[in-house]
Amino acid sequence: MSRVQLALNVGDLDASIDFYTKLFKTPPAKVRENYANFAIAEPPLKLVLIAGHGEPGSLNHVGVEVESTDEVASAAARMQAEGAVCNIRESTSCCYAVQDKVWVSGPEIPWEIYTVLADADVLHGDDGMPAHPPSAGVASVAAGGGTTCC
């Protein structure tokens, strides 16, 4: 099953966890320092909350979680054939997980298509998120001075 990922910058992680647990009737799947994610079955959504990066309430980034590395490779090949700029990353650390992914540069913001391979001990690694203009609405890049994954 694939699901859309929505990563939000939050000001109060505990309050956000409490709210989204109630909203989606689902507890977080993972909670770490300044980070939580929810694997929501209905509607199919991977909700990621990131504290301490960007303006609270702003979009951090978007993506699509898929089940396998083959699906990541297929998406990368399809988007490259469509002329999109893609940055393929294998076994990279992001969001306290080891992932295979591709970043696809959209007209406003990049999208990541990824699969989780294992847990990791770090929130941010060198996951290859492309730089994009602050006007794209992804405040974490503008505020943090660099690129961040979830």
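**Figure 1. A salt bridge between Lys-30 and Asp-119.** Welcome to the first close-up of this predicted model: Lys-30 forms a salt bridge with Asp-119, and their closest N and O atoms are 2.9 Å apart. Lys-30 lies in strand β2 and Asp-119 in strand β8, so the pair ties together parts that are 89 residues apart in sequence. Do the two partners count as buried or exposed? Lys-30 is buried, with a relative accessible area of 11%, whereas Asp-119 counts as exposed at 54% relative accessibility. This salt bridge is one of 5 that the structure holds.

**Figure 2. The surroundings of Lys-30.** Stay with Lys-30 for a moment and look around its side chain. Strand β2, where Lys-30 sits, covers residues 30-32. A polar atom of the Lys-30 side chain lies 2.7 Å from the backbone oxygen of Tyr-96, and the side chain also makes a polar contact of 2.9 Å with the side chain of Asp-119. Which residues does Lys-30 touch, once those up to four places away in sequence are left out? They are Tyr-35, Ala-36, Asn-37, Cys-95, Tyr-96, Ala-97 and Asp-119.

Figure 3. Glu-112 is in strand β8 and Lys-101 in strand β7, so to speak two distant parts of the chain, 11 residues apart, that the pair links. Glu-112 is buried, and Lys-101 is buried too.

**Figure 4. Helix α2 and its buried side.** Helix α2 runs over residues 69-81, 13 residues in total, and reaches 18 Å from its first C-alpha to its last, close to the 18 Å expected at 1.5 Å a residue. Within α2, Val-72, Ala-75 and Ala-76 are buried. These three cover an arc of only 100 degrees around the axis, which puts them on the same side of α2. What covers the buried residues of α2? The cover includes β6 (86-94), β7 (97-105) and β8 (110-119). Now turn to the other face: the exposed residues Asp-70 and Ala-81 are carried on the face of α2 turned away from its buried side. Just after α2, look for Gly-83, which takes a positive phi of about 95 degrees.

**Figure 5. The aromatic cluster of Phe-19, Tyr-20 and Phe-24.** A search of the whole structure finds 3 aromatic pairs. In one of them, the rings of Phe-19 and Tyr-20 have their centres 4.9 Å apart and their planes at 80 degrees, so this pair is edge-to-face. Ring pairs link Phe-19, Tyr-20 and Phe-24 into a cluster.

Figure 6. With a relative accessibility of 0%, Asn-60 counts as buried. Which side chains meet that of Asn-60 in polar contacts? The side chain of Asn-9 is one partner, joined by a polar contact of 2.8 Å, and the side chain of His-61 is another, with a polar contact of 2.7 Å.

**Figure 7. Arg-89 and Val-102.** For the last stop, find Arg-89 in strand β6. Arg-89 is partly exposed, with a relative accessible area of 23%. Arg-89 and Val-102 are 13 residues apart in sequence, and their C-alpha atoms are 5.9 Å apart in space.

Definitions and conventions
Residues numbered from 1 in each chain as written. Predicted model: local features only at pLDDT ≥ 70, side-chain atom pairs only at ≥ 80, totals over all residues. Heavy atoms only, no water. Phe/Tyr/Trp six-rings, centres within 6.5 Å; stacked < 30°, edge-to-face > 60°. Helix = DSSP H or I, 4+ residues; strand = E, 2+ residues; numbered from the N terminus. Polar contact = N/O pair within 3.5 Å; in protein donor to acceptor, adjacent residues only side chain to side chain. Contact = heavy atoms within 4.5 Å. Expected span 1.5 Å × (residues − 1). Buried < 20%, exposed > 50% of the residue type's maximum accessible area, 1.4 Å probe, protein only. Arc of directions from axis to C-beta. Salt bridge = Lys/Arg side-chain N within 4 Å of Asp/Glu carboxyl O.
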